[in-house]
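Hi! Here are my notes on the model you asked about. Keep the 3D view open while you read.

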Amino acid sequence: MENPPFVEEKPWGWFRVFAMNEKVTVKILFIKKGEVFSLQKHTYRTELWRVLSGCPTIIISDKIITAKVGDEFEILPNTEHRIKAVENDIEVLEIARGEFDENDIERIEDKYGRT
């Protein structure tokens, strides 16, 4: 990640910077309980995910992680990844750095027939 997130302390507390003076796309991903998005990878962007709600199963490359609120993950270009909402609805903050284009998705596996 070119400029990783950082924390700056202040007398009143602190703030966390996720992106500064960068070209980014910011989204909230909502995955319904029992659903999963496609196993996919991107060529032109890096993604930072932060779990906002729920307990998703996160797949990054060959790692399978049961995540919790506050967990963060970096997905580098050409890395297979997916999110499963096994137990409950999921919300994940996604900050994509680089050239963002929904057509940059290469689906490897997809339960909705989009491969």
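1. Some ground rules before the details. This is a predicted model, where local features need pLDDT of at least 70, side-chain atom pairs count only at pLDDT 80 or more, and totals for chains, interfaces and linings use all residues. Residues are numbered from 1 along each chain as its sequence is written, and side-chain values use heavy atoms, with hydrogens and water left out.

2. Start with the open sheet: four strands in the order β3-β10-β5-β8, with antiparallel pairing. A strand here is a DSSP run of E with at least two residues, numbered from the N terminus, and two strands pair if DSSP finds at least two bridges between them. β3 and β8 (72–75) sit at the edges with a single partner strand each, so one side of each has no neighbour in the sheet. On average, neighbouring strands of this sheet are turned by 20° against each other, direction ignored; the axes behind that angle are lines fitted to C-alpha atoms, and angles run from 0 to 180 degrees between N-to-C directions.

3. Now walk across the sheet. β3 is joined to β10 (residues 90–98) by eight bridges, and Ile31 has Ile90 as its bridge partner in β10. β5 and β10 also pair over eight bridges, with Arg45 opposite Gly98 in β10. Between β5 and β8 there are four bridges, and here Glu47 stands opposite Ile75 in β8.

4. Which residues form the aromatic pair? They are Phe37 and Trp49, edge-to-face, at 6.0 Å centre to centre and 80° between the planes. Rings of Phe, Tyr and Trp (its six-membered ring) pair if their centres lie within 6.5 Å; planes under 30 degrees apart are stacked, over 60 edge-to-face, and the rest tilted. Phe37 belongs to the loop between β3 and β4, while Trp49 is in strand β5, twelve residues apart. Both Phe37 and Trp49 are buried (under 20% relative accessible area, with a 1.4 Å probe and protein chains only).

5. Last, the largest pocket. A pocket is an open set of points on a 1 Å grid over the protein atoms alone, where a 1.4 Å probe fits, with protein on both sides within 12 Å along at least five of seven lines; lining residues have an atom within 4 Å of a point. Its lining counts 21 residues, and Leu29, Ile31, Phe37, Ser38 and Gln40 lie nearest the centre. β3 gives the most to this lining, with four residues.

Notes. Buried means under 20% relative accessible area, exposed over 50%, partly exposed in between (1.4 Å probe, protein chains only).
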